[in-house]
Amino acid sequence: MADPKGFLTTGREVAKTRPVEERVRDWNEVYVPGSLLPIISKQAGRCMDCGIPFCHNGCPLGNLIPEWNDYAYREDWTAASERLHATNNFPEFTGRLCPAPCESACVLGINQPPVTIKNVEVTIIDKAWDSGDVTPQPPERLSGKTVAVIGSGPAGLAAAQQLTRAGHTVAVYERADRIGGLLRYGIPEFKMEKRHINRRIEQMRAEGTKFRTEVEIGRDIDAAKLRKRYDAVVIAAGATTSRDLKVPGRELNGVHFAMEYLPLANKVQEGDLTVSPITAEGKHVVVIGGGDTGADCVGTAHRQGAKSVTQLEIMGKPGDERNPDQPWPTFPMLYKVTSAHEEGGERLYSVSTTHFEGDEDGNVQWLHLVEVEFKDGRPEPKPGTERKIPAQLVTLAMGFTGTDQENGLVSQFGLELDARGNIARDADFATNVPGVYVAGDAGRGQSLIVWAIAEGRSAARGVDRYLAGASALPAPVKPTDRALTV
């Protein structure tokens, strides 16, 4: 155990953020560089080394949290990194982007603020990179088998790295011009600087993984032909079909999906564009959707110089404490103030958009909304609450409905779908097509980055067994596993 009295003597401290007026003028990560290292060992010492560590249940990766907390407390960063990588291929991604269901399940969190597991994780991996502990791990021998991975998000990259290290020759196909999927073009730079992705890609290249960008399976290469070319295929194409808002005025200029808006801002940071074709500069911006993608739109609009930013959420405002129907160790719905919300803007709850209003040139100018209340699980408008707010740029961040079916990938493979429109798979993550597997949001539906990595690792085991007859690769989750929620 780290510090037997740590949870009694040390209060919770989290990473410090840079001043708002400073960080909205750049696109760097919002946290003060190096601010965690002086405090993180004591924070790790708050871990109680529980007999039954429920943080394991909260995390689908099965991270060995008490073990690397102990090493971090003792400042044995090399050992901490080894235990961290034992269950997670990319802890620098999850340490920055995961909402930390492990902390919601922390036993200390029953009656105290939980251990800062996420901050400990990111400190360990950043220290490991700085000290040279993260090195390529090429296989000792090659199996002679080939695997194609479709999609280079966290699920695809995890599957590719596991299979490469198992000795198979792996090629990752990505339809965008750079590797990373939504990590690259969906997550703003201020949440995760893309240098973190770049150095992982270089590690994977050194291990033997091949990357093919600007190739869309289904359009550029027929999926059936790809299947014949490789011994196995892993589909990790994500759930990229955005949920639309079919109300009058949707066709007006200035109403965009979040995934039309955010990638362009990232392309500016990559140096591909000088100015984004869709910019919030000088505009009244409305973000429809109260989740993480909506918050990403809010933070992006601030940095582009929006005149005002308003975020709409159809659900009611969550509370600051757990509701009785969301007991520990489930992941509760709590009022969340992200770094983007700290930077300004207004948040409206229990409202629904009725229609958009434009000018004579077809540009959106106003958003009409109404307050709602839920009856029998459905939102009902409250009479007399209709009003309009200025809106010259609207982003739709209402989630995703499934994998892309318009590019031919699903039909060309002949894949079966489940009742939710996701690609169906069995207990080994295998589809109905022999040798074709699916991992991540394409099979699970929209989910968290930790679930994507866990599924990539698990699907890799299924592929390895298919190719080699047996596998020593870990499989942290089953396709039927679900988050610890109510």
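In the predicted model, Leu157, Ala160, Gln161, Thr164 and Arg165 of helix α10 are in contact with Gln203, Met204 and Glu207 of helix α12. Sorted by class, the residues of this contact comprise 3 nonpolar, 3 polar and 2 charged ones. Helix α10 spans residues 154-165 and helix α12 spans residues 195-207. The axes of the two helices lie 10 Å apart and form an angle of about 30 degrees. Because angles under 35 degrees count as roughly parallel, α10 is described as roughly parallel to α12. The crossing of this pair is left-handed.

At the level of the whole chain, 19 helices and 16 strands are assigned. The radius of gyration is 23 Å, close to the 23 Å that the globule rule gives for 486 residues, so the chain is as compact as a globular protein of that length. Along the principal axes, the C-alpha atoms occupy a box of roughly 65 × 60 × 50 Å.

One annotated segment was also examined. The UniProt record, an unreviewed entry, lists residues 40-131 under "domain: Dihydroprymidine dehydrogenase". Over this segment the chain is 58% helix and 0% strand.

How values were computed
Residues numbered from 1 in each chain as written. Predicted model: local features only at pLDDT ≥ 70, side-chain atom pairs only at ≥ 80, totals over all residues. Heavy atoms only, no water. UniProt positions renumbered as here; feature names shortened; annotations may be inferred. Helix = DSSP H or I, 4+ residues; strand = E, 2+ residues; numbered from the N terminus. Axes fitted to C-alpha atoms, helices over the stretch in contact; angles between N-to-C directions. Parallel < 35°, antiparallel > 145°, perpendicular 65-115°, else oblique. Left-handed = near helix turned anticlockwise from the far one by under 90°. Contact = heavy atoms within 4.5 Å. Nonpolar A, V, L, I, M, F, W, Y, C, P; charged D, E, K, R; others polar. Rg over C-alpha atoms; globule rule 2.2 N^0.38 Å.
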